[in-house]
Amino acid sequence: MIFSVAIRLTFRTFVGMKVLVHKATQYWWPALKLFLLGACFWYLFQKLQQYEKAIWQQILIQLNFKNIGWLVVFTLLTIGNWCFEIVKWKQLASTVRKLNVTESVQQVFAAFTVSLPTPNRLGEYAGKVFFYTKSERKKILFLNAIHNGWQLFTTLLFGTVGLIFLSSQNHFSYNLKEMMVVGAVLIGLALIAFSLWKKEVGKSGYSLEFLWRKASQLSQSLHLKTFGLSVARYACFATLFYLLLQFFGADISFVETWPYLTAMYLLVSIVPSFVLADVVIRGSVAVWLFSLLSIPATVVIATVLSVWLLNFALPALIGSYFVTTTRLPSS
């Protein structure tokens, strides 16, 4: 008798706790959505306010029917950039759970929304894990690191080639003291990486060696496809930047521009950015580099703003729809 009563009480307690958890989820999940959307729109508003009226006027003057051909090309390059990103994520995430194109679109654009107001867009990781169960989330975090790692490697590869070319053409000069400082920094980074190679970091207890072994377990064909798509995406947004420079009045060939372009993307990718400081970093680096080609600052800033609107602001706005319609997985 006592035993049966105890069982009933335990069962009721369990059911009650489950109901409370369910109700709590019903409240905190919509609240989190509202917070993420609010942060995204606040960031957009603050960032757009940082540009002077002259820059906006330069962009608006160019938006007319005479330039419809240019606008079509910009649209196609922007869509191409998005498509390569979507396909790249689809093939990586499908190693955990088979994704269709629609699901990959939802996850990529929602990640844009969540990542926009975060430093170095780290919120992208959170934007994707929401679509997966707890048992899948560690794998998704790891795959997103692979996803971003190959894109960063592509940027470093082309950027390094660009910097070497500029140095060989005497566009940059270095004295012994500067070279020693750079060498010391590189050696320091190498020592840090070596010391952390087998050291378990964070609650997960993962070391760099463990992550490297996990990455090695993915097929070579998957790595090659991811790298190829990263290169294709890089080509899209780099070409878009160059064409926008021409669109706003820069008279310069692609051969002259590409080393500066690749060096710019390298520098802005390795410099930490903190939310609204991102616009200052990108704009100042671009203005400095392209001033070496005698391109006016207003042309460069108008280009930086246009690329940001097409490649970040617009997908973030689209992703806001997917954030509001996303439901937590049942388990």
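Student: Does Tyr234 count as buried or exposed?

Tutor: The model is predicted, and the value for Tyr234 is computed from it: a relative accessibility of 5%. Residues under 20% count as buried. Tyr234 therefore counts as buried.

Student: How many helices and how many strands does the protein have?

Tutor: From the N terminus on, the elements run α-α-α-α-α-α-α-α-α-α-α-α. The totals for the protein are accordingly 12 helices and 0 strands.

Student: What percentage of the residues of the protein count as buried?

Tutor: A residue is buried under 20% relative accessible area. The protein has 331 residues. The buried share of them is 39%.

Student: What is the geometry of the aromatic pair formed by Trp150 and Phe153?

Tutor: The structure holds 19 aromatic pairs. In the pair of Trp150 and Phe153, the centres are 5.6 Å apart and the planes stand at 90°. Since planes over 60 degrees apart count as edge-to-face, the pair of Trp150 and Phe153 is edge-to-face.

Student: What are the centre-to-centre distance and the angle between the planes for Tyr234 and Phe237?

Tutor: Tyr234 and Phe237 form an edge-to-face aromatic pair. They are separated by about one helical turn because they stand 3 residues apart in helix α9 (residues 220-247). Phe237 is buried, with a relative accessible area of 10%. The distance and angle for the Tyr234 and Phe237 pair are 5.3 Å and 65°.

Student: Over the ring of which residue does the charged end of Lys128 sit?

Tutor: The charged end of Lys128 is 4.0 Å from the centre of the ring in question. That ring belongs to Trp89.

Student: How many salt bridges does a search of the whole structure find?

Tutor: Side chains of opposite charge can pair when their charged atoms come close. One of the bridges joins Lys88 and Glu85, with 3.9 Å from N to O, and both residues lie in helix α3, 3 residues apart. The search of the whole structure gives a total of 3.

Student: How many residues apart are Arg233 and Glu85, whose side chains meet in a salt bridge?

Tutor: The side chains of Arg233 and Glu85 meet at 3.3 Å, N to O. This pair links distant parts of the chain, with Arg233 in helix α9 and Glu85 in helix α3, and the separation is 148 residues.

Student: Which residues are linked in a network of salt bridges, and is Lys88 buried or exposed?

Tutor: The network of salt bridges links Glu85, Lys88 and Arg233. Arg233 and Glu85 are both buried. Lys88 has 0% relative accessibility, so it counts as buried.

Student: What parts of the protein hold Glu136 and Arg97, which form a salt bridge?

Tutor: The closest N and O atoms of Glu136 and Arg97 are 2.8 Å apart. The pair ties together parts 39 residues apart in sequence, because Glu136 lies in helix α6 and Arg97 in the loop between α3 and α4 (101-115).

Student: How far from Cys83 is the nearest cysteine sulfur?

Tutor: The structure has 0 disulfides. Cys83 is in no disulfide, and its nearest cysteine sulfur is that of Cys236. A disulfide requires sulfur atoms within 2.5 Å, whereas for Cys83 the distance is 8.8 Å.

Student: Which residues make the nonpolar surface patch of about 280 Å²?

Tutor: One member, Leu76, lies in helix α3 (residues 68-93). Leu76 is exposed because its relative accessible area is 58%, and exposed means over 50%. The patch is made by Ile68, Val72 and Leu76.

Student: In which loop does Ser294 lie?

Tutor: Most residues other than glycine have a negative phi. Phi of Ser294, however, is positive, near 60°. Ser294 counts as exposed, at 65% relative accessibility. Its loop is the one between α11 (277-291) and α12 (297-325).

Notes. Residues numbered from 1 in each chain as written. Predicted model: local features only at pLDDT ≥ 70, side-chain atom pairs only at ≥ 80, totals over all residues. Heavy atoms only, no water. Patch = residues over 30% accessible without salt bridge, like charges linked within 9 Å, V, L, I, M, F, W, Y side chains within 5 Å. Areas by Shrake-Rupley, 256 points an atom, 1.4 Å probe, with all protein chains shown as cover. Salt bridge = Lys/Arg side-chain N within 4 Å of Asp/Glu carboxyl O. Helix = DSSP H or I, 4+ residues; strand = E, 2+ residues; numbered from the N terminus. Buried < 20%, exposed > 50% of the residue type's maximum accessible area, 1.4 Å probe, protein only. Phe/Tyr/Trp six-rings, centres within 6.5 Å; stacked < 30°, edge-to-face > 60°. Lys NZ or Arg CZ within 6 Å of the ring centre and 35° of its normal.
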